[in-house]
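Please read them with the structure open.

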Amino acid sequence: MPTDLQFFPAGDRAILAQLGKEIDEAVNDRVRTLYRAVLAAADPAIIEAVPAYTTVLVHYRPEVRSFAEMKAFLTDLASKTAADNTAETGRRTLVVPVCYGLHFGPDLWEIEEKLGLSRQEIIDIHSSRDYRIYMMGFLPGFVYLGGMDERLAYPRLKKPRLRIEAGAVGIAGGQTGIYPSVSPGGWRIIGNTPILLFDPSKEPAVPVSAGDAIRFRPIPVDEWYEIKHRVQKGQYEPEVIL
Amino acid sequence: MKIKVIAPGVLTTVQDAGRFGHQAAGIPEAGAMDRASLALANDLLGNPEDAAALELTVFGGTFEFDGEGTIALTGADMRPFLDGNRMAMDAAVSVQAGDRLELGSAAQGVRTYLAVSGGIDVPVVLGSRSTDWKSRLGGLEGRKLRAGDVLESGTDGASLRQTAAELVETQGSSWKQPILQRLAQATDPEGVTQIRFLFGPQDSMFGEEAKRTFTESIYTLSAACDRMGYRLEGAAVPSLNGTDIISEGICFGSIQVPANGQPIVMMADHQTTGGYAKIGTVLSEDLPLLAQLGPGKKIRFVPVCL
């Protein structure tokens, strides 16, 4: 059983399980393991669970289980599944095709110039590693990704744009991310993916979950339009590596 | 029965008991702000308790019914007139084809629920009919209602989502008391409403003195109070070492304290995660009270134990 498992009340209908105090992969693995165990338990007391960097927030029905009973229940789940911590069962990598630059990436020119890197170098660095999805939040389908290569770190816009397109791939400081829907925002936009990270007409509406990973695959502009066309016709199957 | 929107009021949306099971993907729960009044309205009509109704805010607007049915109004009293006659709150009332329901400004409370027999029938999106205007999900095209919109009432009384119905059903016994009565009981002669809360999850980031400040001060609801959150104004709650935390899931009722020490209570449309320390969480039974308070109203946080 993880020794640093701690519980806090989050009102009379939720309990916060904290599995560590730092953002790191091992802690986030334990978060994912506990989250999956909570879902798998399909317990009548549990309404839903929200995994984050270091925590799982579990919404429950106090009339079915008290706070103390929930604590015992989750402690038991965590210890039973402790063996899974290294097994990484069911972790998936979603391949996100990205067309870098052009009108898809209006900030790429400035970043090339200021960082003294060629376009190809930026694309190679950005697409050369898998990014862990530590958690989701902010907007439906917004993924909080693990660290980017430091060479690409670049500050946000001082004045956020009023409109950023759905699928925009951006950089904010040392982070990279994807806008799942049209939104205002201050991230520097370097490319765009034609796939949908949030599609309410589908179940699940979001193709990934916390603990999965994202891999960016550079695509040429004609492929962007081809995939977009398939997405719009509902004929695109996201590429997932198990 | 059809419900035609003649005048939409200030902010009228379709809401049910909330969208559950998708917060892990960043999709908010949304749903009625005052779930006790929603449950009461549905109960009066024999609807499933999580059936969708219209949530009217501050100023109600005008609606016309096409067909016979039963309706109920709960929550804030917007001085409703049905076909020219004053309509009772918190009661099932029959309507005839062509009847007009006219509502004015809320004299007391902020949100009124207009329920119809069979519920408001809009498509179920991700398990709920609730409007999430920020994500443009649910309700009628994911937006607030406009003049000329026409809604249909549902035809069957069967619950779509037993889970959410159970949620409402199993709340405390005072849950179905008309909310304005509860509000009067919870408000002192100076107009300060007692809102009960539980400390946590991050109350340890605040010292004893800060906690005393929080529970002994009177907070005023600022102009920035909406379906996402209520920003309060009053004595600043100082933290011991900053109020930033590693982002984590938050609840309807979470009381965040940002760096300026002015608390923010997260309401129905709250984002699913947040990075501010939470000194406490409003008791679920008292969220309907808070939902009926608007800018300028005063509250005091009363700590309770589990």
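**Notes on interfaces and salt bridges**

1. B:R227 and B:E55 form a salt bridge, with 2.8 Å between the closest N and O atoms. The model is a predicted one. Across the interface of domain 1 of chain B and domain 2 of chain B, the rule finds 1 salt bridge. The count of residue pairs in polar contact between domain 1 of chain B and domain 2 of chain B is 9, with both residues at pLDDT 80 or more. On the side of domain 1 of chain B that touches domain 2 of chain B, the elements giving two or more residues are β2 (11-15), α1 (35-45), β5 (69-77) and β10 (108-116) of chain B. The element that gives the most to that side is β10(B), with 4 residues. By class, that side of domain 1 of chain B has 11 nonpolar, 10 polar and 6 charged residues.

2. The bounds of the two domains in chain B are 2-173 for domain 1 and 187-303 for domain 2. Their centres, taken over C-alpha atoms, are separated by 27 Å. Contact between them involves 27 residues of domain 1 of chain B and 20 residues of domain 2 of chain B. About 1600 Å² is buried between domain 1 of chain B and domain 2 of chain B, 51% of it on carbon and sulfur atoms. Within domain 1 of chain B, the residues that lose the most area to domain 2 of chain B are B:M33, B:R111 and B:K134, which together make up 31% of what that side buries.

3. Chain A is likewise assigned a domain 1 (6-86) and a domain 2 (93-241). The C-alpha centres of domain 1 of chain A and domain 2 of chain A are 30 Å apart. On each side of this pair, 9 residues are in contact with 9 residues of the other domain. The area buried between domain 1 of chain A and domain 2 of chain A is about 870 Å², with 50% of it on carbon and sulfur atoms. Of the area that domain 1 of chain A buries against domain 2 of chain A, 57% is supplied by A:N28, A:R32 and A:Y53, more than by any other three residues.

4. What is the count of salt bridges between domain 1 of chain A and domain 2 of chain A? The count is 3 salt bridges. A:D212 forms a salt bridge with A:R32, where the closest N and O atoms are 3.2 Å apart. For polar contacts across the interface of domain 1 of chain A and domain 2 of chain A, the rule finds 5 residue pairs, both residues at pLDDT 80 or more. Helix α1 (residues 25-41) of chain A contributes the largest share of the side of domain 1 of chain A that touches domain 2 of chain A, namely 4 residues. That side of domain 1 of chain A divides by class into 4 nonpolar, 1 polar and 4 charged residues.

5. Between the chains, 39 residues of chain B are in contact with 40 residues of chain A. About 3000 Å² is buried between chain B and chain A, and carbon and sulfur atoms give 63% of this area. B:A24, B:I246 and B:L306 supply 18% of the area that chain B buries against chain A, more than any other three residues.

6. Across the interface of chain B and chain A the rule finds 0 salt bridges, but 6 residue pairs in polar contact, both residues at pLDDT 80 or more. The side of chain B that touches chain A receives two or more residues from each of α2 (162-169), β13 (192-199), β16 (244-249) and β19 (273-282) of chain B. The largest share of that side, 4 residues, comes from β16(B). By class, the side of chain B that touches chain A has 18 nonpolar, 17 polar and 4 charged residues.

7. Over all chains the structure holds 33 salt bridges. One of them pairs A:D130 with A:R215, the closest N and O atoms being 2.6 Å apart. A:D130 is in the loop between α4 (119-126) and β6 (131-136) of chain A and A:R215 is in strand β13 (residues 213-218) of chain A, so the pair links parts of the chain 85 residues apart. A:D130 is partly exposed at 38% relative accessibility, and A:R215 is partly exposed at 32%.

8. In chain B, the side chains of B:R35 and B:E29 meet in a salt bridge at 3.0 Å, N to O. Both count as buried: B:R35 has a relative accessible area of 11%, and B:E29 one of 5%. Elsewhere, B:R182, B:R196, B:E285 and B:D286 are joined into one network by salt bridges that share partners.

Conventions. Residues numbered from 1 in each chain as written. Chains lettered and ligands numbered in written order. Predicted model: local features only at pLDDT ≥ 70, side-chain atom pairs only at ≥ 80, totals over all residues. Heavy atoms only, no water. Domains from an automatic or database assignment. Contact = heavy atoms within 4.5 Å. Buried area = accessible area lost by both parts, 1.4 Å probe. Salt bridge = Lys/Arg side-chain N within 4 Å of Asp/Glu carboxyl O. Polar contact = N/O pair within 3.5 Å; in protein donor to acceptor, adjacent residues only side chain to side chain. Nonpolar A, V, L, I, M, F, W, Y, C, P; charged D, E, K, R; others polar. Buried < 20%, exposed > 50% of the residue type's maximum accessible area, 1.4 Å probe, protein only.
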